[in-house]
Every structure is written in structure tokens, then in C-alpha cells.
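Dear colleague,

I am handing over the model that we spoke of, and would be glad if you could look through it with the notes below beside you.

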Number of protein chains: 2
Amino acid sequence: MIKRIDGGVCAAKGFLASGVHCGVRKNRTKKDIAMIYSECRATAAAVYTTNLVKGAPLLVTKKHIADGYAQAVICNSGNANTCNADGALVAEKMSAMAAEALGIRADDVVVASTGVIGQPLPLEPIAEGIPMLVKALSREGGSDAAEGIMTTDVAKKEIAVEFEIGGKTCHMGGIAKGSGMIHPNMATMLVFMTTDVAISAEMLQKALSSDIKKTFNMISIDGDTSTNDMVTVLANGMAGNPEITEEGADFDTFMKALNTLNVYLCRAIAADGEGATKLLECKVSGAKDEETAKTVAKSVICSSLLKAAMFGADANWGRVLCAIGYSGADVDVNAVDVSFRSKKGEILVCENGAGVPFSEEKAKEILLESEIEIVVSLGNGAGEASAFGCDLTYDYVKINGDYRT
Amino acid sequence: MIKRIDGGVCAAKGFLASGVHCGVRKNRTKKDIAMIYSECRATAAAVYTTNLVKGAPLLVTKKHIADGYAQAVICNSGNANTCNADGALVAEKMSAMAAEALGIRADDVVVASTGVIGQPLPLEPIAEGIPMLVKALSREGGSDAAEGIMTTDVAKKEIAVEFEIGGKTCHMGGIAKGSGMIHPNMATMLVFMTTDVAISAEMLQKALSSDIKKTFNMISIDGDTSTNDMVTVLANGMAGNPEITEEGADFDTFMKALNTLNVYLCRAIAADGEGATKLLECKVSGAKDEETAKTVAKSVICSSLLKAAMFGADANWGRVLCAIGYSGADVDVNAVDVSFRSKKGEILVCENGAGVPFSEEKAKEILLESEIEIVVSLGNGAGEASAFGCDLTYDYVKINGDYRT
């Protein structure tokens with residue numbers, strides 16, 4: 001059983017965190033740097049953006065956790081440290097400063113940055129911030145860390161769960177940064193997870209790589225795959241369970257806990273997409289296989305036209321059919337059913353690829369809610385998938401029409 | 001030499017056109033049906049959407065011009081006649097009514113519809129409109145036809161050119177409907193072209209299929225590939241040139257004329273994208289081949305983030321790099337140069353994949369213009385391509401948040 005508990009990255013034993021304002025951002029009321037620290041070395045796993053343009057911190061992190069271990073995370077917001085000639089040097093230096101201040105190995109640091117691309121990241125504020133972060137590290141610092149990594153995010157995203165493995169109570173927690181340039185591919189925006197489960201680095205990577213295909217890789221805010229997407233998980237083993245080194249019941253439990261966290265964070269990221277007023281979830285069933293269902297779900301959730309219609313609470317289901325049609329998936333368009341669902345009810349709008357009469361009033365009532373499900377049945381198989389997104393609003397345009405200034 | 005002349009689909013000899021309000025739309029001031037007629041049978045070619053969900057009119061048109069000939073076009077706006085159980089019947093009936101009124105063969109009619117998906121298209125207004133259209137047919141009716149096919153388009157799109165083949169003066173003209181749900185793939189939005197050139201149906205199709213890969217397939221307004229995209233060209237041979245039946249100088253001249261028309265219509269469609277305030281053109285050079293250049297250009301032009309930045313006249317070039325990186329093209333990201341260009345000048349913002357210092361003031365001045373070029377050099381080959389798009393604005397959201405009502 002996976003039980004939701006309070007907290008975030010400090011819910012697991014032995015993890016401390018902090019977040020402060022150091023000056024990367026001019027706005028002094030906004031925390032812009034975060035740290036997560038484990039009292040002992042932890043196994044580490046990560047997945048990264050597939051964008052050919054990769055943020056310098058990702059390359060450094062990849063090198064650091066190549067041995068399967070890490071002990072701390074340092075992450076700033078406000079500047080992505082990407083497309084800068086000195087990017088790798090700056091990321092190494094940021095990482096080395098954190099390691100020195102914490103008294104840990106230089107290559108046990110996960111380093112990350114998020115914000116504007118192509119502006120040199122100054123080291124001075126980071127050098128000032130690190131001692132503050134170390135001083136502020138505490139069991140209560142998870143929320144501060146969650147704040148420190150936010151950019152245009154409006155809501156802080158954190159979650160923690162409790163479960164049992166090998167008779168031991170285990171914990172897992174995570175924080176995420178989403179909002180814009182979100183269309184993860186094989187990896188995702190910034191997500192940091194911690195757990196006190198004892199699990200080998202190999203199995204930890206296996207769990208993470210498998211789960212993200214159904215979770216983070218199924219989100220799209222705006223179709224733009226960021227240069228700095230990264231999900232990492234640190235597992236410090238302090239729960240005392242027998243180390244998970246192979247598949248089996250314990251690994252399954254771990255996977256369930258991980259999936260609980262990730263689905264929560266996915267929904268939180270989608271709901272807090274730049275300018276979003278609604279969380280959209282496209283649930284596809286009846287596909288010939290899971291891959292087909294995923295392709296269809298993601299195509300629907302990415303349609304600018306559908307996203308704008310959802311903003312206007314307009315049951316314009318033709319745009320759903322259109323997005324299914326151009327998705328590239330092998331689908332019998334004459335067998336497609338579509339309905340819209342929210343806590344106000346469900347309404348069928350299309351059956352066997354053609355419209356059915358429905359109450360526009362009822363549809364409006366359903367679509368005025370803040371969480372909408374677009375339910376698609378393809379009618380010819382057992383493949384299922386969900387994709388997560390948000391509506392397209394005036395505020396998305398506003399935020400991105402003038403992001404740098 | 002391809003000379004631009006006044007006019008549209010009636011510039012070529014023997015073509016008449018008209019456009020009227022028939023009642024598919026409620027707004028009586030908006031023309032909602034158009035007709036183009038050739039005094040003799042013409043060879044015909046067309047390309048269609050690759051969306052699996054195809055508008056019923058496309059299927060009927062495909063059948064009608066399978067023999068390589070057509071003599072008239074009938075097209076309504078306000079309703080796409082797509083995803084309707086009786087769609088094919090309605091399109092056949094619409095086509096038959098036009099043929100009867102014109103006294104031509106039933107299978108010599110190109111039929112098209114554009115507008116809302118999934119609402120039955122009533123035949124009554126069409127039946128009323130067709131006699132009006134036939135009566136209004138004239139050499140001056142091209143503009144009315146251009147108006148009759150508009151949906152959320154703000155500007156009428158028509159163009160004509162004059163050129164010489166085999167010592168005969170030839171003409172070619174076209175009209176287009178674009179605006180939203182525009183991301184053509186192998187075919188495009190609605191474009192109707194006419195020419196008095198004598199050309200075999202086979203060579204006509206070859207010319208069209210080849211040209212659209214560089215023109216209409218390189219436009220994106222919103223990433224949504226419509227269910228009703230179609231480009232057709234009718235060639236009635238009335239210029240009296242020796243019929244073009246193979247490649248050679250005459251075919252090359254024809255291709256040049258076709259390309260002139262299509263580039264013009266592409267730019268007109270992109271500039272009049274839903275809500276657009278700016279035409280964007282991404283010009284890519286230095287790619288290892290043309291396909292790579294096209295992939296990169298289209299990825300940049302499709303980025304919601306870049307489109308919003310252009311709306312805000314914000315030189316946020318990191319978003320260009322990001323879009324190049326996730327395009328899937330084989331590119332050395334450390335060799336990429338980017339500059340922004342308009343009639344106010346050109347400014348280099350990124351060299352060898354990293355930012356260079358530039359005047360924000362000058363960049364703003366350049367980006368405040370209504371036609372912007374995003375110039376990308378990949379630095380390692382001879383491949384070139386251009387893609388056409390527009391900015392993402394409040395009005396795009398407004399138009400699509402409440403399109404049906």
C-alpha cells in the first residue's frame with residue numbers, strides 16, 4: 001500500500017533541504033537556489049532531455065553520477081546556464097563549491113539550472129548562496145527547496161509517500177519545476193526525488209527509466225522540449241530494507257511508489273502550465289497497443305486548437321478528431337468515440353467518428369471545471385494511455401511575449 | 001520571366017468565378033460559397049491532407065479528378081462537412097447540383113468545404129446559392145470567390161502572373177484560404193489555382209506535387225494539420241502553347257510560375273494566421289541536405305515559445321536554439337549562427353551555438369516590424385530551406401477559445 005503523507009524531498013530518512021535567494025534573480029522576494037543533501041551517499045539515477053542542445057549542468061551531472069552515486073543536489077533558477085561558451089566550467093565550479101561546503105566528494109553532486117537560455121550564469125551570487133543553503137539545511141527545508149527551483153511556476157509542487165518493503169517503513173518524496181518549454185522526451189523538466197529505500201543504482205535507473213515513459217514523457221504544455229529537462233532520484237538506504245537488487249515484489253512496490261509520486265507531479269506540472277486555467281488529461285483506450293494509445297493521447301493534448309477551445313469551455317470535439325487523424329497512429333477513424341468528463345459529469349459528443357446530438361449547456365457546465373478529461377475510445381484493442389496538459393490562454397502569450405525582461 | 005499582374009483565378013483565359021452569401025453562415029454580410037468555372041474542360045491536379053480524418057469533399061474530389069480532368073470548383077465556407085455520417089452524400093449532391101446548373105459532366109466538379117468539423121452541412125442554402133453563383137460568374141469574379149472561401153481569414157489572398165511558353169503568353173492565378181488549423185502535410189489548406197497553359201494532367205500533377213514540398217508544406221500556423229487541406233490547379237490550355245507533356249524548358253517555366261504563385265500565397269497565409277500580427281520566415285542554410293534544412297526551419301517556425309517571443313518583439317534566441325535541438329535533425333549545435341532580420345536591418349544574436357553581445361534596443365527595433373526573418377546558419381553544408389509562420393498572440397487564443405459560437 002502506498003500512503004500519501006505530508007512533505008516532499010525531506011520525507012525520506014536522512015534527507016535535508018533548503019532554498020534561499022542568492023541574487024541570480026533580481027527579485028529579492030523570490031528564492032532562486034535550492035539544495036538537497038543526504039546524510040550518507042545515496043544511489044542515484046537520472047534521465048535527461050533528448051534535445052541536442054543540452055544545458056551544461058546536465059553534462060556535468062551525467063558525469064558525476066556515472067558511478068551510480070550522489071549525495072547532494074544544487075539547483076538555481078532564473079538562468080539555464082545553456083548555450084554559454086563557459087557553461088560546463090561554471091556548472092563544475094558550482095558543483096565543486098557545493099561539495100566543498102558540504103564536505104562531500106566533488107563528483108557526488110547533482111547540478112541543475114533552469115531559466116533563460118544563453119545568458120552567462122554569474123558565479124558570484126552562487127558563491128554567496130551556497131553557505132546560506134548549507135546553514136539553512138533542515139528536515140523542514142523541502143518546501144523552500146521546492147520554491148527555489150520555480151521559474152514561471154505559480155504553484156509549488158511537492159509530494160511524499162510512505163510504504164513498506166521487507167518489513168521496513170520506507171519513504172519517497174519529490175519536488176518538480178514545470179510551467180513552460182514543457183514537452184519532455186525520454187526525460188523531463190526538473191524533478192528531484194529522494195527515498196530512504198535501499199536499492200541498487202542499476203535497479204533505481206531501471207525503475208526511473210521505465211516509469212517516466214508513462215508519466216513525465218506524457219506531459220505537454222507547449223510542445224517545446226527543453227534543453228535542461230532532468231529527473232533525478234537519490235536513494236540513501238536509510239529505511240534499512242534489504243537492498244533491492246533485482247525484480248520481484250519489493251521492486252514492484254518501489255515502482256508503485258515511484259509511479260504515485262510521478263503521476264501526482266505530472267498532474268501538478270500540467271495544471272500549472274504557463275498561463276493555464278485548466279488541467280487537461282486525455283485518456284485513450286481501445287488502441288491496438290499501448291504505443292498507439294500514447295501517440296493519440298499526446299497528439300490530442302498538444303493541439304493548440306483544442307487547448308484554446310478548452311480555455312473557452314467550448315466542446316469543439318472536431319479538433320479532437322482532427323488531432324487523432326494527424327497523430328500518425330494507426331487508427332480506424334470511423335470507430336472513434338469521444339466524451340468530455342469532469343466532476344460535473346460526462347457527455348458523449350462523438351460516436352463512431354461522427355457527431356451525436358448533445359446539450360451544449362451541459363457540455364459547457366462540464367468544461368467550466370478546472371480539471372477536464374478528454375475520453376477517447378478507439379474501439380479496437382486493449383491499449384491504454386493518458387497524457388497530461390493544460391489549456392492555451394491569454395496569459396501563456398503574455399508570459400512568453402516578454403519573458404526575459 | 002514571371003511577371004506579376006493584377007487579378008487571381010480569372011487572370012487565365014477562359015476562367016470565370018463568383019462568390020455569394022447563400023446562408024451556410026448566419027452572417028449575411030459574409031460570402032460563404034464560391035465557384036470557379038472554365039469555358040472548356042481543363043486538366044486537373046490536386047494534393048490532399050494526410051490527416052486520417054479526411055473531409056468528405058476531398059474523397060469526392062479525388063474520385064472526380066481521377067481521370068485528370070475537371071471544369072469547375074464549388075466551395076463553401078462555414079462548415080467543413082467532415083465527421084458527418086452523411087458527408088459523402090452531401091458532397092456528391094453539392095457537386096451534382098453545380099454540374100447541372102453549369103451544364104457540365106457531374107464528375108468534372110472539384111468540391112470543397114471549410115469551417116466547423118462535425119456539424120451536418122445543410123443542402124438548402126447550397127441549393128439556393130448555386131444558381132446565384134452561376135448567374136454571377138464573370139471575368140471579374142475572382143475576388144468574390146476569394147472572399148467566399150474565407151473563414152477566420154482577415155485578408156483576401158489572391159495573385160496572378162504572366163509568362164511565356166512556346167511563344168504564347170500564358171497566365172496563372174490562385175486564391176487561398178488559411179488562418180487556423182494550418183500545418184499542412186503533403187497537402188495544404190484550400191488553394192485553387194487556374195492557368196491557361198496547355199499541360200498534360202500527369203505533368204500538372206508532377207509540378208504541383210513537387211512544388212508544395214517547398215511551399216505549402218513549409219507553413220505552420222498552429223501545428224494542427226487540417227482534415228480538409230487541399231490544393232488544386234486547373235489548366236485549360238487556352239493560351240495555345242504546345243502542350244507540355246514532358247520535362248524541359250517549358251515545364252521549368254511552368255514550375256517557376258507555379259512557385260511564384262505558391263510562395264506568395266504561403267506568405268499571405270502565414271501573415272494572416274489566426275490572430276497574427278507578424279509574418280515569420282525561418283531561413284535555414286548550411287545544412288547537410290535540404291531535408292535537414294526543412295526539418296530545422298519547420299521546428300523553429302512551430303515553436304509556441306518563439307512565436308510568443310516574436311509577438312513581444314523579444315530577441316529570445318535561446319528558443320531558436322532549443323527548437324533546433326529538439327527538431328530531430330542531424331545538426332552540430334556548436335556550429336549554429338542565428339540572426340534576426342527585417343527591413344530595419346539584421347542583428348547577429350548567436351554564433352557557434354553561444355550568445356554574442358548585441359544591442360537589445362536595435363533588436364527590438366528590428367523585431368517590431370511586421371515581417372521578420374529568423375536566419376539560421378548550420379555551417380556544415382549546402383542544404384537550404386525556408387518555413388513560413390506567424391506569431392502567437394492573444395487573438396489566436398480569443399478566436400479559438402470560442403470559434404463555434
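**Notes on the model**

Asn352(A) is found in the loop between strand 13 (345-351) and strand 14 (354-355) of chain A, where helices (H or I, at least four residues) and strands (E, at least two) are DSSP runs numbered from the N terminus. This is a predicted model, in which local features need pLDDT of at least 70 and side-chain atom pairs count only at pLDDT 80 or more, while totals for chains, interfaces and linings use all residues. Residues are numbered from 1 along each chain as its sequence is written, chains are lettered from A and ligands numbered from 1 in the order in which they are written, and side-chain values use heavy atoms, with hydrogens and water left out.

The phi angle of Asn352(A) is near 50°, a positive value in a residue other than glycine, and the residue counts as partly exposed because its relative accessibility is 49% (buried means under 20% relative accessible area, exposed over 50%, partly exposed in between, with a 1.4 Å probe and protein chains only). Asn81(A), in the loop between strand 4 (69-79) and helix 2 (87-102) of chain A, also has a positive phi, near 45°, but at 1% relative accessibility Asn81(A) counts as buried.

Chain B can be laid on chain A with an RMSD of 0.0 Å by a turn of 180° and a shift of 0.0 Å along the axis (superposed by least squares on the C-alpha atoms of residues with pLDDT of at least 70 in both), which is the relation of a two-fold axis. In chain B, the C-alpha nearest that axis belongs to Tyr394(B), at 2.5 Å.

The contact (heavy atoms within 4.5 Å) takes 53 residues from chain A and 52 residues from chain B. Since 100% of the interface residues of chain B are also interface residues in chain A, the copies meet through the same surface. Together the chains bury about 4,100 Å², 59% of it on carbon and sulfur atoms, the area being the accessible area (1.4 Å probe) that two parts lose on being put together, summed over both.

Lys307(B) lies in helix 8 of chain B and, at 5% relative accessibility, counts as buried. Leaving aside neighbours within four places in sequence, Lys307(B) is in contact with residues including Asp222(B), Cys302(B), Cys390(B) and Asp391(B).
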